[in-house]
Amino acid sequence: MTATLTPAQEAARLVDTLGPDALAQAQAYTTGNHWVLLINLGVSLLVALVMVRLRLLDRIAARFGDQRRVLASFTVGTAFLLISGVLALPWELYTDWYRERAYGLSSQPLGDFLGQMAIGEAISMTLGGLFLAGVYALIRRAGQRWWLWSGGFAGIVTLLGLLIGPALIEPLFNEYKPVPPGEVRTALEAIADDVDIPHDRIFMYDGSRQSDRFTANVSGIGPTARIAISDVALKQASIAEVRAVTGHEAGHYKLGHIWRYAVIFPVLAMAFFFLLNRLFAPTARLLGSDAKLDEPRGLPVFAVVGSVLGLLVTPLTNTLTRIGETEADRYSLMTVNEPDALATALVKTAEYRYPRPSALEEALFYTHPSVEKRALRAMEWKAAHPANK
């Protein structure tokens, strides 16, 4: 007679199926990610120092003088984003391409990676330049309350991004096609009905182009909301796992997490601009810049303050995200009711997110609860609903 495992034992057993080598590799990759996060700050500081000491933006800004200030802000802003991208390119190649391939998480050729990076940079330069031009206009015209208006402006931009991203930006990086008829589409249609997404907004995309990670998502708002599942999921997952994972993503949509972040982000943006207003001058002196707050040539100072504050606020934003992930897991269990499949699908993500972090490591660095903790909750759900075993 086989002894019945407790939920904790079952969750541990599922994680152990990965084997010691895979767990060790996952731990190494995850620990490396923590260091990458910290080193990113050093890279940002180095890029800013190079730009300030060589007066790269000063030369561009000097061409405009005090005339055409909006055009000057846009031009200097786009130049800042381009130069920053070029200077940081070796580091990004290591972190986003070489390292992913080294850990077996991607097989994307270098040429394709660079091509997609160029597309991303062009989008960033255009949209980022417009955003920065708007912020500098508010700095000049809104007086001491510019940080308040700029936070609201950031909120509007965020909503526009959520609206147009799925339809206009995401197709630039991947090909989206309707999920072909069959049991996968039938399962996804049932989930779409539950969250009021039309069946013609269910897509499959070539996510394997960039990564071998098992994933799906529900993105967009209003008329652009859609369900998209990576071809990796179709190759690696069972139907039950597809249902469980897509149910989780649908939970984010149904529970209004998008709107939660649409409120939180402007608040964080206001806090950032408020602190920038006070930290800009001393930071500029440390970097050796004579730029003033309302001058776009001071963007390297802007970036350094943003990098430091962004790192400091990471534990807070991670905590908020983990809460949302827990809620989405619960939604999947309540609606799709595939606890075993959800647990096994989660274990597949452990290759790039070590499943057994310390409590401190999880609090500081993890955007999701640990895989073992999430699997435990699924097994606890299963134990509490014996009729569904």
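**Chat about a predicted model**

Colleague: Let's start with Thr-78. Buried or exposed?
Modeller: Thr-78 counts as buried, because its relative accessibility is 12% and the cut-off for buried is under 20%. Keep in mind that this is a predicted model.

Colleague: Where is Thr-78 found?
Modeller: Thr-78 is found in helix H4, residues 69-87.

Colleague: And what does Thr-78 touch, leaving out residues up to four places away in sequence?
Modeller: Met-125 and Gly-129.

Colleague: How far is Thr-78 from Thr-283 in space?
Modeller: They are 22 Å apart, C-alpha to C-alpha. In sequence, 205 residues separate Thr-78 and Thr-283.

Colleague: New topic, rings. How many aromatic pairs does the structure hold?
Modeller: Eleven aromatic pairs. Take Trp-147 and Phe-274: their ring centres are 5.0 Å apart and their planes stand at 75°, so this pair is edge-to-face.

Colleague: Which helices does that pair link?
Modeller: Trp-147 is in helix H7 (residues 146-169) and Phe-274 is in helix H11 (residues 257-287). That pair links distant parts of the chain, 127 residues apart.

Colleague: Are those two buried or exposed?
Modeller: Trp-147 is buried at 15% relative accessibility. Phe-274 is partly exposed at 29%.

Colleague: What about Tyr-176 and Tyr-205, stacked or edge-to-face?
Modeller: Stacked, because the planes of Tyr-176 and Tyr-205 are at 25° and stacked means under 30 degrees. Their ring centres are 5.2 Å apart.

Colleague: Which strands hold them?
Modeller: Tyr-176 is in strand S1 (residues 176-178), and Tyr-205 is in strand S2 (residues 202-205). Tyr-176 is buried at 18% relative accessibility, and Tyr-205 is buried at 10%.

Colleague: What charged end sits over the ring of Tyr-176?
Modeller: That of Arg-226, 4.0 Å from the ring centre. Elsewhere, the charged end of Arg-213 sits over the ring of Tyr-352, 4.1 Å from its centre.

Colleague: Which residues form one aromatic cluster?
Modeller: Trp-146, Phe-272, Phe-273 and Phe-302.

Colleague: On to salt bridges. How many does the structure hold?
Modeller: There are 18 salt bridges. One example joins Arg-13 to Glu-10, with the closest N and O atoms 2.8 Å apart.

Colleague: How are Arg-13 and Glu-10 placed in helix H1?
Modeller: They are three residues apart in helix H1 (residues 7-16), so about one helical turn separates Arg-13 and Glu-10. Arg-13 is partly exposed at 39%, whereas Glu-10 is buried at 17%.

Colleague: Which parts of the chain does the bridge between Arg-209 and Asp-112 tie together?
Modeller: First, its closest N and O atoms are 2.6 Å apart. Arg-209 lies in the loop between S2 and strand S3 (216-219), and Asp-112 in helix H6 (residues 110-141), so the bridge ties together parts 97 residues apart in sequence. Arg-209 is partly exposed at 31%, and Asp-112 is partly exposed at 21%.

Colleague: Which residues do shared partners join into one network?
Modeller: Arg-55, Asp-58, Asp-290, Glu-295 and Arg-297.

Colleague: Last one, the surface. Which residues form a nonpolar patch there?
Modeller: Trp-35, Leu-38 and Ile-39, with about 310 Å² of accessible area together. Ile-39 is found in helix H2 (residues 20-53). Ile-39 is partly exposed, with a relative accessible area of 38%.

Methods:
Residues numbered from 1 in each chain as written. Predicted model: local features only at pLDDT ≥ 70, side-chain atom pairs only at ≥ 80, totals over all residues. Heavy atoms only, no water. Patch = residues over 30% accessible without salt bridge, like charges linked within 9 Å, V, L, I, M, F, W, Y side chains within 5 Å. Areas by Shrake-Rupley, 256 points an atom, 1.4 Å probe, with all protein chains shown as cover. Salt bridge = Lys/Arg side-chain N within 4 Å of Asp/Glu carboxyl O. Helix = DSSP H or I, 4+ residues; strand = E, 2+ residues; numbered from the N terminus. Buried < 20%, exposed > 50% of the residue type's maximum accessible area, 1.4 Å probe, protein only. Phe/Tyr/Trp six-rings, centres within 6.5 Å; stacked < 30°, edge-to-face > 60°. Lys NZ or Arg CZ within 6 Å of the ring centre and 35° of its normal. Contact = heavy atoms within 4.5 Å.
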